[in-house]
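The stops below proceed from the whole chain to single side chains.

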Amino acid sequence: MTSLEKLQADVKQAMLARDEVTRDTLRMLVAAVKKHELEGGKTITDELVNEVLLAAAKTRQESIDQFSKAGRADLVAKETAELEVVRRYLPRQLNEDETRSVVQTLIAELKLSSKKDLGQLMKAAMARHKGQIDGKLVQKLAGELLS
């Protein structure tokens, strides 16, 4: 079963369970995948679905941050619930210790020594651990580890 088929099957399950948040969130994700297919002329692959999931998670996290600043607890709750649904379909995120280990390994492997090498480190980390690693955390840790 492909990732898209899994999303579509889970939409049906959410409908049967009368889980409106999951149903609506998954419908938006399926629509976004199909939109990418039509607009970009891309074929639907698990990688494309993963890209859409990552973009959806990032958008919801940014919305949560903005709504928190504005004091809109109702919208924070809605976006948080949607983010939890999206996270069910994403690969497991590396925690801070695992990310630190990855950054240290890449610094040694690529023989990086200063903060001017940050771009090279970020590119390598994001390519090797796409969807599993938080770019902001990598940047923070790299800033601490590179002199």
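The structure is a predicted model, in which local features need pLDDT of at least 70 and side-chain atom pairs count only at pLDDT 80 or more, while totals for chains, interfaces and linings use all residues. Residues are numbered from 1 along each chain as its sequence is written, and side-chain values use heavy atoms, with hydrogens and water left out.

**The whole chain**

Colour by pLDDT, the predictor's confidence in each residue, from 0 to 100. The mean for the protein is 88, and 99% of its residues reach 70 or more. Confidence is lowest in helix α7 (residues 135-145), with a mean of 84, and highest in α4, with 94.

Switch to a cartoon view. The protein contains seven helices and zero strands; these are DSSP runs numbered from the N terminus, helices being H or I of at least four residues and strands E of at least two. The C-alpha atoms fill a box of roughly 55 × 40 × 25 Å along the principal axes.

Next, display the surface. Its accessible area, from the Shrake-Rupley method with a 1.4 Å probe and, for residues, only the protein chains shown as cover, is about 9300 Å², of which 52% belongs to carbon and sulfur atoms. Of the 147 residues, 35% are buried, a class that requires under 20% relative accessible area, against over 50% for exposed and values in between for partly exposed (1.4 Å probe, protein chains only).

**Helix α4**

Select residues 73-87. Helix α4 has 15 residues and reaches 21 Å from first to last C-alpha, close to the 21 Å expected at 1.5 Å a residue; the expected span is 1.5 Å times one less than the number of residues. Its buried residues are Val-76, Glu-79, Glu-82, Leu-83, Val-85 and Val-86.

Within α4, select Glu-82. Why does Glu-82 count as buried? Its relative accessible area is 8%. Beyond neighbours within four places in sequence, Glu-82 contacts Val-21, Thr-25, Met-28 and Arg-60.

Finally, move to Asp-10 in helix α1 (residues 3-17). Asp-10 counts as buried because its relative accessibility is 15%. Not counting residues up to four places away in sequence, Asp-10 touches Leu-26 and Tyr-89.

Note on methods
Contact means heavy atoms within 4.5 Å.
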